[in-house]
Amino acid sequence: MRLGKASKTVASHPAAEERMTENKLILVKRRTRLEELVVRYNTVQQAQFYIERLGADFSDYLEEDRRYHHAVQQAQQQLSPLGRVQTIDREHVPNFIFGAQDIVVVIGQDGLVANTLKYVTEQPLIGVNPDPMRWDGVLLPFTVEDLSIIIPDVIRKRRALKEVTLAKVELNDGQYLYGVNDLFIGRKTHVSARYEVRLGSSVEQQSSSGVIVSTGMGSTGWFKSVLTGAAGVVGSEAWQLIHGQSASKQGENHFNADLNQFGWNAPYLYFTVREPFPSRTTGANLVFGQIHPKQPLRIVSQMPEDGVIFSDGVEQDFLEFNSGVEATIGLAEKRGRLVV
């Protein structure tokens, strides 16, 4: 009798009748700068005192916070008639279990989209720009007002999805981590890291400030900045004085990768080594290369402590990578799916 009564109650609920789907719409949000300050300084007043003492404009923090929370509230109102809305904060995303039929809506910035994308499986993800006047948002093509149109299209499978290649690192103790933009392998404090690196038949002992592995999506970020810096050094007058013109040309060709072809769905990754130091026991030859299904990158840690692997710039979510641990880096078995 109780089951029958409950069933009747749900069926007659107006909101349930109006919904397009009973699947969940997961709304992912983050803390604003103001909220981060309040966590640190306990109150808004103390946060204001700290910011204004440094000569900054506290009203900008207040306005950003107001606009962001208004966007979240608007998104909830837009989504409620369409499905069962569940709102979660950024810090809960790594432990959240996404349902196979869920649709994920992220109220940006770009970093939140990337951080969420690595924890979903096949769920479509919609990036929403909460404040287009403030944020450019490469991964935020939609505004809150677009949701009433986008969500029905996604439910009816009438919306194009852009596949994104993810990186994956697996340790020999069974732990693993995904990367949407990039992976960093090195020391926690970014000081010299010692390790053995292997790509195909090439093996080298290295000391550097870390290894960066980039996906196509991340190729215009950290990865590009490292290559740009390296190319600038190779093309400088100081380099030519030390190594000669021929060495400069060779270096320029080595780093002149065609990143325009390194798309978001590229079936490969690239790695580059930051500041490799050649010595009697360490080399600096295996510093750049492509990773693909037949050629993973393997790195064995020689760091007694503070060795870490983290992804997408989130240093708090890391794997320990100390002496004897072996990491195998390659393409993830899953792909991200961004709504476009």
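What follows is a briefing on confidence, salt bridges, aromatic rings and nonpolar cores.

This is a predicted model, in which local features need pLDDT of at least 70 and side-chain atom pairs count only at pLDDT 80 or more, while totals for chains, interfaces and linings use all residues. Residues are numbered from 1 along each chain as its sequence is written, and side-chain values use heavy atoms, with hydrogens and water left out.

**Confidence**

- The mean pLDDT of the protein, where pLDDT is the predictor's confidence in each residue from 0 to 100, is 87, and 86% of the residues reach 70 or more.
- Confidence is lowest in helix 1 (residues 2-12), with a mean of 37, and highest in strand 13 (residues 297-301), with 98; helices (H or I, at least four residues) and strands (E, at least two) are DSSP runs, numbered from the N terminus.
- Over residues 1-15 the pLDDT is below 50, and this stretch has three contacts in the model beyond near neighbours in sequence, a contact being heavy atoms within 4.5 Å.
- The pLDDT is also below 50 over residues 247-257, a stretch that has 14 contacts in the model beyond near neighbours in sequence.

**Salt bridges**

- A search of the whole structure finds 15 salt bridges, each being a side-chain nitrogen of Lys or Arg within 4 Å of a carboxyl oxygen of Asp or Glu.
- Asp 60 forms a salt bridge with Arg 134, and their closest N and O atoms are 3.1 Å apart.
- This pair links distant parts of the chain, since Asp 60 is in helix 5 (residues 58-79) and Arg 134 is in the loop between strand 4 (125-128) and helix 7 (147-155), 74 residues apart.
- Asp 60 counts as partly exposed because its relative accessibility is 30%, and Arg 134 is partly exposed with a relative accessible area of 26%; buried means under 20% relative accessible area, exposed over 50%, and partly exposed in between (1.4 Å probe, protein chains only).
- Glu 63 forms a salt bridge with Arg 66, with the closest N and O atoms 2.8 Å apart, and because the two are three residues apart in helix 5, about one helical turn separates Glu 63 from Arg 66.
- Glu 63, at 28% relative accessibility, counts as partly exposed, and so does Arg 66, at 46%.
- In the salt bridge between Arg 298 and Glu 326, the closest N and O atoms are 3.9 Å apart, and the pair links distant parts of the chain, with Arg 298 in strand 13 and Glu 326 in strand 16 (residues 326-339), 28 residues apart.
- A network of salt bridges links Arg 33, Asp 60, Glu 63, Glu 64, Arg 66, Arg 67, Asp 131 and Arg 134.

**Aromatic rings**

- The structure holds 13 aromatic pairs, where rings of Phe, Tyr and Trp (its six-membered ring) pair if their centres lie within 6.5 Å, and planes under 30 degrees apart count as stacked, over 60 as edge-to-face and the rest as tilted.
- Phe 184 and Trp 222 form a stacked pair, at 5.7 Å centre to centre and with 15° between the planes.
- Because Phe 184 lies in strand 7 (residues 182-187) and Trp 222 in helix 8 (residues 222-234), this pair ties together parts that are 38 residues apart in sequence.
- Phe 184 counts as buried, at 0% relative accessibility, whereas Trp 222, at 24%, counts as partly exposed.
- The ring centres of Tyr 270 and Phe 288 are 5.3 Å apart and their planes lie at 15°, so this pair is stacked.
- The charged end of Lys 168 sits over the ring of Tyr 176, 4.8 Å from its centre, where sitting over a ring requires NZ of Lys or CZ of Arg within 6 Å of the ring centre and within 35 degrees of the ring normal.

**Nonpolar cores**

- Of the 43 residues in the largest nonpolar core, those touching the most other members include Val 28, Phe 98 and Ile 126; such a core is a set of buried Ala, Val, Leu, Ile, Met, Phe, Trp, Tyr and Cys residues joined through side-chain atoms within 4.5 Å.
- A second, separate core of 34 residues includes Leu 171, Leu 227, Phe 271 and Leu 319.
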